[in-house]
Amino acid sequence: MITPINNGYFMKNDDLFLHINFYKDNIVRFTYSKTIDLRNSSYALIRSPVKIDSKHTNNTITTNSFKIKIHKKTLKVSICDKLGNIISSDKDIYTNQNKIIKSISWEKGFYGMGEKYGHINLKGTKTSNWNTDVLGKYGIHNSAIKEYHTSIPFYIGLDKDKCYGVYFDNTYKTFFDFGKNKEDELTFSAEGGDIDYYFIYDNNIQKVIEGYCFLTGTNTLPRKDFLGYHQSRYSYSNKDELMYVAKKMRKEKIPCDVLYLDIDYMKDYKVFTIDSEKFCEFRDMMISLKKMNYKLTVIIDPGIKVEENYHVYKQGKEQEFFIKDSLGEVYIGKVWGGDSVFPDFLRENVRKWWGELHKEFIDLGIEGIWNDMNEPADFSTKSKTIPIDTVHLDDKDDKKTHDEIHNIYGLLQSMATYEGIRNINPDKRSFILTRAAFAGSQRYSALWTGDNASTWENLQYSIPMYLNLGISGYSFIGSDVGGFLEDSNGELLTRWTQLGVFTPLFRNHSDKGTVNQEPWCFGEKYKNIIKKYIELRYKLVTYIYNLMKESSNTGKPVIRPLFYHYQNDENTYNINDQFLFGENILVCPVISPKTKKRMVYLPKGEWYCFWTKRKIKGKRYITVDTPLDIIPIYIKSGSIIPMNRVCQYIKKDYQILDIHFYLGTNNSYNLYLDDGLSFKYKKGIYSQIEFKIRQEKDRVIIKSKVLKNKYPIPKFNVHIHGLRNNKSSKFSLDKKEFSIILKTR
Ligand code: GLC
């Protein structure tokens, strides 16, 4: 019998309870448990159930979006669309193994699961989630490794006219089989907890991703300057090395905004300390960097060195803030500094303490915090993480073993860092970079994909990794450009930089003992091309900032698989080496050495080659030349793209903005402008300008209209592409609102 309860329904059989709760008309949660109580706290979720319009009979529930049938004896569920077509149905439920088997019927592809190495389409594969220090445990990234640094137990089933998403809200180690074991069966299970999952239904994949981000949150709006180029290395190990890079960038006129200090800036690898011998007069160094318009990001790992008089260790120990072993003693593992303890971020007072520890660094002018090794990595164990029977305490003083908390440890650290910095500096947006993450981490931090290697394979497979991360709600992402492990080389760095232009996090980083890979390291030929591409990134910063804003509003990914906009076109379902950067820019990176040509799939419509401005018909494969200085990029006809003038660092305001109109179809674009730094935009301090292209029989009308004017609006230069004979035209305008009429025949 289905019984209505608050915001949902309830059912039971002989040994099992099933709660059904609604979060939106098309989002429903199913929780199977052995007790009647419903678990209510989830670190991933930001929503609570709501009341929606629904009807029920003995074994069906109908909402405005779907119909749910539940088998009385087994509590197996089938979900149908409004017409009664089956969208998803359960084959078996094994609650003692926290396992559910669903039928695969119409799905042409499965996507999501965050940071995974391999092809974008997960159909026919299996994987598992357990945040892992991949280098420590396995070595170089490859497709045989299933568990990477992050866990996002969310997947999408896709076809032309159907789509759904499933978020398995379980923090234990989870397993997913997308038809590998049996072609027509999808299984997910967990090593603990309950079968507790959310089903998001919509025909359109875009809406399904929005639904997932509605549940787990969207990325915070980043600072605009952190969308510039980042230069890092393990390590710039003293002041002179760091200042050399800072000055060289400016001397070579290679734009750069953010520099990094890796673990060697600390005194004996003690977090929240600075080695004053290697970095004497740190404050003065900060002033010099600021004068040159750099932002400094420093690494802070969770492991705290055991040393009696070290303030962080002492404070944490006195207040019992560290994770304990199964016998109740503080657990001691090993990280960079040798014997180390780990903060128990599960508790709010521990997170608060951790957050407050950042004050001195923030006061020094440090603007970015890089949280690494937060799976957490532990060199002393075979598993390369802390033992699963170590003990956390939650805010109610209930004990939780590490197997339940492990996958959210990185999320909790990001939360602590984010909230701490927000309290210290309430008016400035922060930059936090994390390696380990869980569903919901996008609310706090950017993510990089850990210790890749300077190999063409690792470059190639970073693309499907970004695509599935995007589908899983993560937009502020990137990899170590040039590769971290092993020696990079000029060609690889050049191709990787070309790709990096189109990843929201654009950071070059490399390992100790490898050759240096700053842009100038492989000679003039490569340096010049790399510079040209970093400049292109700076031209695109307003476009990217607008994408990040859109993503923070709705969860729309910035890096999108082609099927995100062309769901009807099955050709797009298995494209691993191209992506859309926003709706309008199609990026086709070069992913192998000495490549003179590559094949490109252009979806339907017309596309402009970004370089030649020539128009090309879509819905076909083309072959294009790829000399070293060219990454094929296509702009969809009808696009309106803002471009900045190149400068050496990202400015708060630009005097002139170039707006490019690619004629072909009617379209509009809303440009968003704010200070790129504070939270004032939340109080309405921003501007919005609408640009429009209207095609008429023999003329085209181009217009702008100010929709909101609360932030200085620059002058616009208008560039129009696709006029008669493939010509482009340029107008310098002194007006915010304009209307241009051009004859097209
Ligand atoms: C880890 C990080 C890497 C960093 C190194 C030293 O391997 O993933 O980026 O440089 O630790 O801190």
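Biologist: How far apart are the end C-alpha atoms of helix α13 (residues 541-554)?

Modeller: This is a predicted model, in which local features need pLDDT of at least 70, side-chain atom pairs count only at pLDDT 80 or more, and totals for chains, interfaces and linings use all residues. Residues are numbered from 1 along each chain as its sequence is written, and side-chain values use heavy atoms, with hydrogens and water left out. Helices (H or I, at least four residues) and strands (E, at least two) are DSSP runs, numbered from the N terminus. The expected span of a helix is 1.5 Å times one less than its number of residues; for the 14 residues of α13 this gives 20 Å, which agrees with the separation of the end C-alpha atoms, 20 Å.

Biologist: How many of the 14 residues of α13 are buried?

Modeller: A residue is called buried under 20% relative accessible area, exposed over 50%, and partly exposed in between (1.4 Å probe, protein chains only). The buried residues of α13 include V541, Y543, L547 and K549. The helix is largely enclosed by the rest of the structure because its buried residues number 11.

Biologist: Which residue just after α13 takes a positive phi?

Modeller: The place to look is directly after helix α13. There, a positive phi of about 90 degrees is taken by G555.

Biologist: Which residue of β18 is the bridge partner of I27?

Modeller: Two strands pair if DSSP finds at least two bridges between them. Strand β3 (residues 17-24) runs antiparallel to β4 and is joined to it by seven bridges, with a hairpin of two residues between them. Strand β18 (residues 195-201) also pairs with β4 in the antiparallel sense, over six bridges. In β18, the bridge partner of I27 is I200.

Biologist: How much of the accessible area of the ligand does the protein cover?

Modeller: Among the residues that surround the ligand are Y234, W336, D372 and F484, each being near it, that is, with a heavy atom within 4 Å. Oxygen atoms of the ligand lie 2.5 Å from a side-chain N or O atom of D262, 2.9 Å from a polar side-chain atom of R435 and 2.5 Å from one of D451. Of the 310 Å² of accessible area that the ligand has on its own (Shrake-Rupley method, 1.4 Å probe), the protein covers 97%.

Biologist: How many charged residues does the shell around the ligand have?

Modeller: Ala, Val, Leu, Ile, Met, Phe, Trp, Tyr, Cys and Pro count as nonpolar, Asp, Glu, Lys and Arg as charged, and the others, Gly among them, as polar. By this scheme the shell has seven nonpolar residues and one polar residue, while the charged residues number four.

Biologist: Which strands stand at the edges of the open sheet of nine strands?

Modeller: The sheet has parallel pairing and the order β31-β30-β28-β25-β21-β20-β19-β33-β32. Each edge strand has a single partner strand, so one side of it is left without a neighbour in the sheet; the two are β31 (477-478) and β32 (480-481).

Biologist: Which residue of β46 is the bridge partner of E690?

Modeller: Strand β45 (residues 687-695) and strand β46 (residues 699-709) pair in the antiparallel sense over nine bridges, and a hairpin of three residues joins them. On β46, the bridge partner of E690 is K705.

Notes. A polar contact is a pair of N or O atoms within 3.5 Å; within protein, one must be able to donate a hydrogen and the other to accept it, and residues adjacent in sequence count only if both atoms are side-chain atoms.
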